[in-house]
Structures are given as structure tokens and as C-alpha cells.
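Reader: Could we go through this structure together? I would like to begin with the terms and then take the details in turn.

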Protein chains: 4
Amino acid sequence: MILAEKYRQIRKHSEQICEPLETEDYVVQPIVDVSPPKWHLGHTTWFFETFILQSFLPGYELYNVAYNYVFNSYYETVGSRVIRTDRGNLSRPGVKEIYQYRAYVDAAMLRLLENPLEQKAEELLLLGFNHEQQHQELLLTDIKYILGHNPLFPAYRTEMAEHVHQVEAAQNAEHLHHAEHPEHIEVAQKGGHLPHAAQPQNIEVSSRFREMKTITAGLYEIGYAGTDFCFDNELGRHKVYLPQFSISSNLVSNAEYLEFINSGGYENFVWWHSEGWDWVNNNKILAPMYWHSVDGVWQNYTLEGFQPLDLYAPLTHISYYEAYAYASWAKMRLPTEFEWEVAADSFKWGQRWEWTESAYLPYPGFSKAPGAIGEYNGKFMVNQKVLRGASVATPAEHSRVSYRNFFHPHLRWQFTGIRLAK
Amino acid sequence: MILAEKYRQIRKHSEQICEPLETEDYVVQPIVDVSPPKWHLGHTTWFFETFILQSFLPGYELYNVAYNYVFNSYYETVGSRVIRTDRGNLSRPGVKEIYQYRAYVDAAMLRLLENPLEQKAEELLLLGFNHEQQHQELLLTDIKYILGHNPLFPAYRTEMAEHVHQVEAAQNAEHLHHAEHPEHIEVAQKGGHLPHAAQPQNIEVSSRFREMKTITAGLYEIGYAGTDFCFDNELGRHKVYLPQFSISSNLVSNAEYLEFINSGGYENFVWWHSEGWDWVNNNKILAPMYWHSVDGVWQNYTLEGFQPLDLYAPLTHISYYEAYAYASWAKMRLPTEFEWEVAADSFKWGQRWEWTESAYLPYPGFSKAPGAIGEYNGKFMVNQKVLRGASVATPAEHSRVSYRNFFHPHLRWQFTGIRLAK
Amino acid sequence: MILAEKYRQIRKHSEQICEPLETEDYVVQPIVDVSPPKWHLGHTTWFFETFILQSFLPGYELYNVAYNYVFNSYYETVGSRVIRTDRGNLSRPGVKEIYQYRAYVDAAMLRLLENPLEQKAEELLLLGFNHEQQHQELLLTDIKYILGHNPLFPAYRTEMAEHVHQVEAAQNAEHLHHAEHPEHIEVAQKGGHLPHAAQPQNIEVSSRFREMKTITAGLYEIGYAGTDFCFDNELGRHKVYLPQFSISSNLVSNAEYLEFINSGGYENFVWWHSEGWDWVNNNKILAPMYWHSVDGVWQNYTLEGFQPLDLYAPLTHISYYEAYAYASWAKMRLPTEFEWEVAADSFKWGQRWEWTESAYLPYPGFSKAPGAIGEYNGKFMVNQKVLRGASVATPAEHSRVSYRNFFHPHLRWQFTGIRLAK
Amino acid sequence: MILAEKYRQIRKHSEQICEPLETEDYVVQPIVDVSPPKWHLGHTTWFFETFILQSFLPGYELYNVAYNYVFNSYYETVGSRVIRTDRGNLSRPGVKEIYQYRAYVDAAMLRLLENPLEQKAEELLLLGFNHEQQHQELLLTDIKYILGHNPLFPAYRTEMAEHVHQVEAAQNAEHLHHAEHPEHIEVAQKGGHLPHAAQPQNIEVSSRFREMKTITAGLYEIGYAGTDFCFDNELGRHKVYLPQFSISSNLVSNAEYLEFINSGGYENFVWWHSEGWDWVNNNKILAPMYWHSVDGVWQNYTLEGFQPLDLYAPLTHISYYEAYAYASWAKMRLPTEFEWEVAADSFKWGQRWEWTESAYLPYPGFSKAPGAIGEYNGKFMVNQKVLRGASVATPAEHSRVSYRNFFHPHLRWQFTGIRLAK
């Protein structure tokens, strides 16, 4: 019964995220990494149907046999997928139909949850919860991409709606804490708390005194240590030896990153990886995603629409290449994921997915589960970078200090950020 | 007043074509040649607003200044366009908003049409009518592509709706005429009129006696001869000398094309242009667009959904490369556009856009009009092929014997067909 | 015996063209349209071996069976070819080996030519002669591309070598004729004959009085009328009706084209086809191929190396897109291939391949010969433009008024030029 | 003087490697990863000229100022490079010219080496030695690629030439050792030592008993510990904690890999990374590079030309994706680079570059040197995998247990191999 309630809450939250959307917003896929919101709603439903209902609810009948083809994401085990027609080319099933599909599967799931589950089913249920929560974060980042790349730049919301309370709330939160960190933002020391719109962008908002925590060398334990749910890639708690290092208490702010830009950071190869430099030049990258220089003033597309750039806010929507280049320029480096995990208690995290220097690799003893579930994480362990923490778009109960997120180094549509180490 | 009525009718027809659509169907753009239906609705409206209302209705206020950026198709004169974000990436403006935009512009247009127009405005109005009619045909072909490439294969309509009466009606029509052309389809001679579903596809449905009309050599006049509207590319009526030729009274049927397929037509380079052969191999082309071999039986996606292939219907959705290859295989050729125009009185046309051997080139004395209107046709006169006639998707009053349609040789999402010559 | 002598001469000429090359120059293929010189030498040899020796010389043994794979250009009939590995990736067979291959085949050919040939063999022999002559022109244009795109810009020759006497000789020749055409180049009228290096490029060297010949309307015969060799695409002499037109006596000069550039010709879409405009922008085209603006002065890479741009010389190395744009800007047009052929007696031609407005299409009654020889021309009759005349790179006895050359509209590594019509 | 001798030897060895080449073989670049041999010869020379002679030999005059443009590989600091024209498009400078360039630079270097060097110069000299040795390995692998992808499959050598004694010698060597490892190759146990040509490929040549060394858990020191030359990426010796692991004494043999192929290894996604599976399918990979199934028998292109596949030889020319997939299939894994370095004393290494599971990342405290030399390693530390050991193509004195080689996971033209761990 408690599982049923949790199921209901999580499923409802996905739909709440989509409430502000027009029907048309559910459909488009402007780049390959961004999925149409209606696809997320269908795919998370397909997950429960395929892995739980089909196996554990006797007599369950598929809502529509063709949906496996439409809503399978990357599970080779489960059959062929929509590949040649991209997800964004599919107008059907429509939004109403997908909500009906959700209702149909939800009803079946709740019937199933009336009785105790066998253990395998419960494991899959927990995985399904976490899977849906991951797609809730993607829903927000994908919606931001869809609206933020539309020439009309529509806002996702005008004020804080309850059901998306967590989104970018922390960003605001940090702003309120500035008084507590007077050493971090010089402008605050000098000029007090300026209203955002009034902030002159040429004021020097730099970091004279970056607060660094130092961690002594030693053997540390890495990986999930609890008994609740975690992903397979966090398991295999193991020892790692770390030399002494320092790590910043704060994320890099927009003001700090602006210094990098203004000092020619995007024009000097010396700060960049060779591949990063190619990426900058091939894609004519001049600033973080969503920054627009309008008549010489930096504007920022946010979920509330166009805003003057908030210099006090933590930088976001940068690629690993940019994170690395910034760190080089600042004579610092990015932490490894192990350093991050060891030090995480000493700073506030959760606003931005923090790029680490670590490649996404298996922990000692890692092995893929048999079957489709085994495709969840392991097969992506090449050419990606680990991000640690969580972001303002991460659902409330979906964070752990051992959580390992991962993306290719050029991607930046997630709420990514930078924490420096040395 | 008569112009106002015509305006109303044409504008209404575009909306009628879209009536069967779900909101989601208006949004997607599966390939670059196919535009989202909502874009067609907006773009045709933008045409009246930009070229007529802005110049001829004093005090007219733009509905939304950003729409020029969104709905400009290819008019360099008028400013920058949506290029980096494809049309199919734009969820906004939404469908309702675009219908409001149409209503706003229609109201202004009807105010303008209450008084006599100056001549330049009337010319642009007629161009606007024809422009919208061209997009009505594209609406149907694009809708067919969108639904016909969806893995659920939804039908556009289940029965003949009044407002789309012309679409593929002729196809059915031709079928009824089979009794009148017993020499054309052998199976009809032998077996009478089989119900479609019962047609065994291995029956030989071939063309023993193809009826050919012969036109004697001589000097002929080519180009538009009337005084009503025509496009600039039809003007410049001029003499062309034609050697004697013969031209088929009938379009090539599905049955005939099936013979080509069954005899290995797609596997033998000898029938193909070098570029056509590359196209076949690079794209793994095995049959006309919308043909699907399901358990060895040819099915055909039509606007009414999946159907067994109608062997008696005229072939459609083939590229110029396929038209040329078929003609070579049949020891015939495609007519030139001049032969077609001279002979057109001797056969029934209008079911399929008929590929000709002619390249799309200017007629003697052709010159582009100054300004944006001059971009309508002239700048496309390279690397395209002329198609003559009209199709089941062409609006009723939008056909002329001198009409010159044009597409690149690999395209096949239009209702294209083959008429042979010798 | 006379055939044997002709064979010897033609074969020798190909090798003479290559005499100035370093071994390394024979090997590279910088773009797909340019073949390595050693490939040309091998391929023309393979042609005689495959189509003549194998069929008509009893007991002939192939030099190397693998060569069919290496040296087949595009004959599907004859088997698979080097496609996936580009020709420029093949270091073997080496240059010496290919000359040995030539000697081996030549010896066999000369044995064959000691006796009278049957008619089919003689036809193929004549085709082989013309085929090799076509490759002689390509050898020169490909060598120019290879050396002219090397950062060291090596010259092909320092003075006029005897065996390449025809190359760009005409260019010089025209220069000497300036006194005879005082109306053509204004600077000549004013300043007499300036040494090239001293020509100030900002002097106005324009065409005040362009000499135009007028041809009256009427029915004309087009196509090859003689009894000697011609290609299949010239056959089928037929009537064409032409309205009255005028055609320039001169080719467009570098000076004239410079006016187009200086007036912003490459920056104004209005002169261009839509595809041409894309080509200009995607490839950042600013001038004809081989023009380099060095410290504000136009330099031109020629077969003699870098030279100051000769303003009096006929423009060359421009695409059809550029030819069309120039003509539009000059308020003229390009002639059709029919106009060109009819008017050709009234002007000097042969310096540049002259882009025409005509698409490359079959003449009435054209049919492909059976077998590999039939692949020679017909399968390219789509998406290409006809060029008429000949160029300074065309072998001496390889020109006819009915000759139809053809290239894709974006290509410009041939010695192409512009003659205007009206 | 001892440095001068070493300089002479190393420089001579590069030229000896090229001795068997035809001039044409020096020129081509079949894929972007493979450079023309003449480019290697010029580039290594440019390295000494640019970084040593220009700074340390007073009055030194550049051989040719344009060579910086031609022979700079990736040093942004030093100026623009040949990028848009690939290296394989450059016929000039020719081979003779490049040998003259080498002689010119060598003479100047030997003059410089007559006197004691200042320390900075000596450091650069040692780097130049190692740089040239790296290109010696690339010369061999690139030559193998060039000849092995030519349809004539020419051999690089027919017998063991003295100066390339090290190449693939070890391969033979291993074969002789089979008697010493009877447990490794079952066929040897059963059938004795079959001559290669006689080996029936369907005989089961499998690994019943793989000898594994076990290393106990603990803190280990990683990184270069000596005082001689090493690359910057090996520096920063540091502690790493390793859990207990086992590592194979032998490399995976061709016979073992054949089992993987025969069991459908390339057809089952379950063994592959997601990106690896895409790579297999997009590139239609069916076997290691250079394996050809001729009439059902596996042939292998080697530097001695085509050979029947030697089942006893260690597998080579596989990508990381293949290495990973094989290990998964074998219920094992690849070692990390740290495990490899710790265990290296317990097995024979040096025949194959061994793919590790480790991503190429900086060691703790790594920092790039200022200037061009700093571009040597650091800027490549993303998206690549570490390979450990050395190969039969590695120059004799260019191996260290701490050496970190790195390539992208899809590359396989190096002599790569697999050692399993658990």
C-alpha cells in the first residue's frame, strides 16, 4: 500500500511537470539528445508495462502491441525500435492517447500493488520509480531546450508553480545566501544587494577569495553504502587512495565565467582539449547555452523566459570541454568523482550536475545483470564523463552522494556546473 | 466582392484539408521536403500579410513581428528565416494561435477587398490565391508522408469527406473506367472485375496493347496563351519544332510497374542513370514509396490507410529516376514537356504529376520580376525536372495545360506518375 | 598503318603531358573529381586492353587480372571497381609499372594493327582514341588542380614545352590579338599594350561596347552532320526552332569579371540560383578557382605558377552558378547549346569550355548502344549542364562544333568560360 | 658525442624502415589516422628544426619557410597547419626533396651536437629522439595500412631485413615458445607442431587452462620511477589502491578470438558497449582488420603479404570495442592500466599494445609544460583509452613499464591486442 502511494505520487509528478505545456510542445525533438515530452510520458509507462505487468500481472493485456516499437528507448533485448524515423517525426500516438495509455497502465499497476509483490517485481518497481524520476529531470531539461530554442522564446512558467517547486528554486536560494558568503562575490561586499535588472554587467564581480576545503591524503571508501535503492553503477563499494587535495565550497558563478569569456577564453586554444577546441570552432561556441548577447548585454533564457543574466547565480549549461577550459584558465582543475564523493559532506551540493575529471568506468567487480535490465548502465561505460551531485531539475528524493550521472563531454542541455579543485 | 468570395473559399479549403488532423499532426517535419501542416497554414497567411496588407491596407498592424522570421519560406528579399532550427522543431506558435493569425489576416483582407483594388494589388492577390492552392496540394502530400511514415499508419480519412473530394477520387474513377479500356489490362479481359482483395498478385496484369497517339512533326506553340492568371515560368509563348512522336493514352499502372520490379528492375544498373543507380543503392530502394511487402503481398499506404495494392490504379510516388528506368526497361522513353503540352488534348490527364524528360529551364525571353515576387520561380531553374499535368491532390481550379511543376529527380512524396512516349 | 601511326601519336601525347611531373604528382587525388595522373595513364590503357585486345587479338593475355578492378572507371558491365578505397589511396601499381603496362598493351595493339581490322574493332579503336584524348584534357586539368592546391604552388612548366604546345597557348594568343579588338578592352585603347606585371588592377578595363552577332529566327539543324567519328550524344541531327538572338563575339575577360566581384556580385543573392547561392555560402566562394588576393592584389595560379592576374585574358575556372550569376548581373544570359552551335561560325571558339543554359539531355532518337560502350554518355544525362566549344587544354584534333561536353553546375576545375547572349 | 651517435642512429632507422618502399608508397593517406610516410620523415625533421635548431643554433637558416605549414602536425602554438587539404593530397615536397631536408637538418644538428648542449636543448633533444621513435612505429603501422588496403596486397618485405628486425619477430618468437606453454593451446597438446599452411582451421584450438597470475590487494606506486627520459604523462608517481585481481600470462591468440567469431560474437549486442555495437553495424565489422575470409578460409595480410591465419599467434589489429566485447564473452574483463603496471613483471609483454579498461586521464599533479611542448600529451586526455606495453613495431629502446599509449576506442591499425583480467 505504501508502494502504491509512492507509485501514484511519482507518476503524478511527471504529468504535473507537463501541465504548463501546449499540446504542440509535447511533440518536437529539436536535437537527437532531446526527446519529445510525450515520448517521455509514454516510455516511462512502457517500462512498467514491459518489465512488470507483462511478467507479474496474470492476464494483463498490452494496451497496444505497436507501442513497444514506439516507446522502447535502447533495450536491444526487447526488440526493434524506432530508429529510422526519429522520435520527433511521430505525431501519433497523440498526447491524449498517451495519457490514456498512462491511465490504463496505472490502473493495472495499482491492481498489482494491492497484493504483496514477489521480490523480483519489487526490485523492478523500485527501478521503475527511479527510471521515471530520471525522465522527470529530462522532461524539464528537454522542455527548456524546446522552448528556449524557439524564436518566440516562450516561458515555461511565470511564477513558481507548486509541482515544479524544486526547479531552479535552489538557484534563488543561493542568491539569498550571499550575505553569508561575503568573501565570494566582491560586488556584494561593495554595493550591497542590487536588484537583478539593475546589475551593471561591467562591474567587477570576481572571486578574490575562493573558499577551499582541504582533504588529507588517505584511503577512502567509494560507492553506495546503504541498503535502499541505488543503481548498479554505484555498487561495489571499494577503497580508493587519494592524495591530499582542496575543493571549492562554491560552484563557479556566472560572474566568474564572464571573466573567462571577457579575457578571451573561447579564443585561446591553450585552455582547451584538442577535441574541445574543435568543438568550439566547428560549432562557433561563444558562451554557455541559453546566453544571448543582445545589444551588448547578456541575456539568459530561463524557464521563466528571457532574463538579464544573474551574475550571482551558479553558472549552468556548459559542456565538459568548457568546464575543463575554465578550470585550466583559473589555474585549477576539476575534481575526480572520488574526490567529490569524499569531500561532498563539506559543501552544499544539488544545484548543478558537477562535471568531474573522471571517465565513466565500472567500479571493481561491476557486472551487468542478465536481460534487459542489465542494459541500464553498463553498456554506456565508454567515452562519457561522470557528473556528480544533482541539479535544480532533479526530483526531490532522487539524490545520493554516491549517484553517478554521465554524459558525453560536448553536451550541455542539462543543468551542469563547475566546482574547482586543486 | 467576387474576389472576396474567392478569397474566402480558397482560405477555407486549406483549413478543411486539415480538419481530420490531430493537433500533433500539424507539428512534425519528418524530412526536409515535408513541412508541418501548421507551417503551411501560417506561411500562406504570411504571404497575404507581407505582400498585400503591409503595402495596400493603410494602418495595417502586423499580427506578430516575429512571424516574418518563422513563416518566410525562401524569400531572401524579405529578411532572415528560420534555418538553423528546422520548421519541425518549432512547437510555437501553436495550432490555435495560427488559426487566430489566419482569422486576423482574413478579417483585414476582407476589409481591403470591400473596395476596388489597384492593379498591382490584384495581381498579388491572384498570385496569393495560386500560392495558397499550391500549398493545399503540399498539405495533402505532406500529411500523407507524416501519417504514412508513422509506425501506427493512421488513416487520414475513412471515407470520402466532401471537402477533400478531389483527392484520389480520380484514382477510383479510373478504376471504373476499366471496362472502357479492356485492351489495357489483360486481367480484366480474362477474369472480369475481381474484388481488390481477391486479386491474386501473380496473375499477369500486363499491357499487351498499349494505346499510343501519334503526333506529326512540325512547329508548335508552347506556353500560356490565355489572359487569366498563370505563373511567370509559363509565359513567353514560343515556337518549338517537334519531330514525330507517339505518346501513351494511359498512365503506367501498378500492375505494369510490378512487372518491372518482378523482372529485377531495381537490381539491374542498365536501366538507370548513374545517379539514379547510386540513389537506389544508397537508399536501398526496392519499390515505390508507400509500398510494403507484408508476408510476400504488396500493401500500399493510402490516405485511407493500409490497402492491398490496387493493380489497376495508376502508379504513383515514384522518382524521376524510377520513371526513367521504367521507360528504358519498357523500350520507351518519357515525353519532353513540349511533346506533353502538344499532345495533352488527346489523353485524359490530371491524376498524376507526370515526369517529363525536360529539365526545368527558362522559356525564351523569361525574366524575373523585381523584388520578392521575382524569387517565385526563376531561381529554381537548375537541377530540377519538369512535371506536367496535375494530380488527385491538386485543387480543382489550379490546373492548366501549360502548367510547369518541378522537382528534383529523387523526390517522390508527390503524386507522381509515368506516361510513356516513343 | 595509318591507324597504327595515329595510335602511336595519341598514346605518346598522354605520356608527354606527364613528362614534367615528379613521381609523387602521379599519385594524389585531392578531390573526387580529380584523378591521379597515373590512374589516367592506366585507365586509358585498360580501355584498349578490355574492349579491343581481349576481343580481337587471339591469344592475348592480360597484363594483370587485378587491373580491371583498379582501372575500371564506371563501367558496371565490366565488373566491380575501386570505389570504397578512392583512387588516390592506391600507391600501387606504381608509375614505372604503369608505363610498363602501357608498353605491353601498346605492343599488342601495334601487332593487332598490322592487319586490317574488322569494322567493330575499328569503331572501338576510334572510340579509344577519343577516349584517350578526353583523358589528356583531364590530365592537364587534374595536374593543374594537384599542383595549384599544393601550398608550395609548384609550376607545371616554366616555358612552353613543345608537347604541351596547345595548353593555354590560345590564352596568350588572344592577348596578342587585342590590337584587332580595340573595342573590347578599353584599357588597350587608352594605354596600348602594358606589360602584365605593370597592369594596374584598378584601371577600368571594362566592356563599353560588347560586339554582339545577331542570328535571325528560324529552323536550324543541330547535331553532327559529318561522316567521321563523333560521340553518340551528338548524333540524331534534328531540327530546332530558334527565336532571334544575339551572341557575343568575345568571351568574358578577367577584367569584366572583376567588375562583377568589385560590385559585390558574390554578396548579393539576387544574381544567383537558389542552389548557387547555397554553394557560394557553404563553400565561402569569393572568386574564380586559382585566384588569390595577396595583399590586395589578385594573383592567379597558372600552369606556369603564380602570376599577377592577366586582365585581358578570358576568364576561366568558374562554375555554371558563377556563369549564370555573372550573366544576370550583366543583364544578359547564357546561350543555349543550340544557339551556340548555330552561331559558332561567327566567332572564334576553343579557348574555354563555354557554359550553356542547356541541360544535358538526349537528342531525339538517342539510344544507348548495348554493352559497356553504351555506358559512355547516356547514363549521365541528368543534373548536368552542357558546355560547348573546347579549351586550351583540349587536344588539337579533338574539337567539333557539335561536341557536347557536360559537367555538374558546381564544378570549375576545367578551363570553363562565359560567352553572353541576349 | 654520444648524443650525436644516438641522433645518427635514430634518424637512420627511420630511413631504413622506408627502404623497401616505392616512391608512390610515401605519398598516400588512405584514412585520416594514417599519414603518408614522407610526411612522417618530414615532420620528425621539422620537429628538430623548429624546437632545437631555431632556438639553439645561432645563424641557422630554415630549409624552407613553407615547411612549417606542411609539416606541423598539431602544434597550435607554432602556427597554421595543413588541415583543409589533407596530408595525402600533397605531392610536393617530394621524397627526394624530403631526404635532402633531412640531410640539411641532420648536418645542422650534428654541428650543434659538436659542443655541449644547454640543459633545455638537451631535454628537447631527448624528446625529439622519442618523438622520432614514436613516428617509427607509426611508419610501420601506416605502411601496413597503405599496402594492406591496396587491392594488389603487395608485401612490405619478403624476408626479415636486418633493419626491421624487430617487426613481428616476436610473433614468430611466440610461436616457438608453444612447446613451453602446452596448456595454452590445446591443438599443440593434441597434434604437435603443425606447419602453418597445414593447420586445419576447424580444429579446436582453444584455451582450456588459461594461466592467471594473482596479485594481492594493496597500495601500489604507479608512474615513472627512474631518472631517464619519460613522457610528461607518466610523471607524478603516486599511490593507487588495488583490490586483489588476476591477470593472464598470455595474450589472446587468433585461435581464441576465432572461437568468439564462430560463436556469433559480432552478431550479439550483449557483449558490446552501445557505441561499440553501433560501430560494428555502421562499419559492417566481421573480423579483425586484415583478416579476409577467402573461400571460407581465413587469410591474414601481414607485412610479408597474404598468409594463412596463424592460429597460434597473438591476436592483433582489434579495436577497444572488440577487446571489451571479447572479454565480456570470455566472462573476464580487461585490466586497468594500474593493474597492468603492477603485474607487468609477472608476464612477457611487448608484442601487442594491450588495451586497458582505463581512460586516458592525467595523473595527480599533472600539468602541461608551457609552450608548444606542452601540447604533446595533455590536450588529448579525453575520450581515449590507455594501451600498455609495446608492440612488435615499437623501436627497441622505446619501451617502459610506465609507458602510456592512447588511442580512440574504434582504432585498430596499430598492433593492438588483448590480455584478460578478472
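Predicted model: local features only at pLDDT ≥ 70, side-chain atom pairs only at ≥ 80, totals over all residues.

Reader: Understood. Is Phe153(C) buried, exposed or partly exposed?

Author: Phe153(C) has a relative accessibility of 27%, so it counts as partly exposed. This residue sits in the loop of chain C that runs between helix H5 (119-148) and helix H6 (169-176).

Reader: What about the backbone there; what is the phi of Phe153(C)?

Author: The phi of Phe153(C) is positive, at about 45 degrees, although the residue is not a glycine.

Reader: And Lys331(C), what is its phi?

Author: Lys331(C) also is not a glycine, and its phi is positive, about 60 degrees. The residue belongs to the loop between helix H10 (320-329) and helix H11 (337-343) of chain C.

Reader: Buried or exposed, for Lys331(C)?

Author: With 58% relative accessibility, Lys331(C) counts as exposed, because the cut-off for that class is over 50%.

Reader: Staying with the backbone, which residues does the cis peptide bond in chain C join?

Author: The bond joins Arg92(C) and Pro93(C), and its omega is about -5 degrees. Pro93(C) lies in the loop that separates helix H3 (67-71) from helix H4 (95-112) in chain C.

Reader: What is omega for the peptide bond from Arg92(D) to Pro93(D)?

Author: In chain D that bond is cis, and omega is near -10 degrees. Pro93(D) is placed in the loop between helix H3 (67-71) and helix H4 (95-112) of chain D.

Reader: A change of topic, then. Where is Leu140(D)?

Author: Leu140(D) is part of helix H5 of chain D, which spans residues 119-148. The relative accessible area of Leu140(D) is 0%, so the residue is buried.

Reader: How far apart are the C-alpha atoms of Leu140(D) and Val392(D)?

Author: Their C-alpha atoms are separated by 9.9 Å, while the two residues are 252 residues apart along the chain.

Reader: Let us turn to the assembly. How many residues of chain A are in contact with chain D?

Author: On the chain A side there are 33 residues, in contact with 33 residues of chain D.

Reader: What area is buried between chain A and chain D?

Author: The buried area is about 2600 Å², and carbon and sulfur atoms give 59% of it. Four elements of chain A each supply at least two residues to the side that touches chain D: strand E3 (238-242), helix H9 (274-282), helix H10 (320-329) and strand E8 (353-359). Classed by residue type, that side of chain A has 18 nonpolar, seven polar and eight charged residues.

Reader: Which rotation superposes chain A on chain D?

Author: A rotation of 180 degrees does so, with 0.0 Å of shift along its axis and an RMSD of 0.0 Å. Within chain A, Asn383(A) has the C-alpha nearest the axis, at 2.4 Å from it. The interface residues of chain A are also, at 100%, interface residues in chain D, so the copies meet through the same surface.

Reader: What are the counts between chain B and chain C?

Author: There, 33 residues of chain B are in contact with 33 residues of chain C. The count of salt bridges is zero, and ten residue pairs are in polar contact, both at pLDDT 80 or more. The side of chain B that touches chain C comprises 18 nonpolar, seven polar and eight charged residues.

Definitions and conventions: Residues numbered from 1 in each chain as written. Chains lettered and ligands numbered in written order. Heavy atoms only, no water. Contact = heavy atoms within 4.5 Å. Buried area = accessible area lost by both parts, 1.4 Å probe. Nonpolar A, V, L, I, M, F, W, Y, C, P; charged D, E, K, R; others polar. Buried < 20%, exposed > 50% of the residue type's maximum accessible area, 1.4 Å probe, protein only. Least-squares fit on C-alpha atoms with pLDDT ≥ 70 in both. Salt bridge = Lys/Arg side-chain N within 4 Å of Asp/Glu carboxyl O. Polar contact = N/O pair within 3.5 Å; in protein donor to acceptor, adjacent residues only side chain to side chain.
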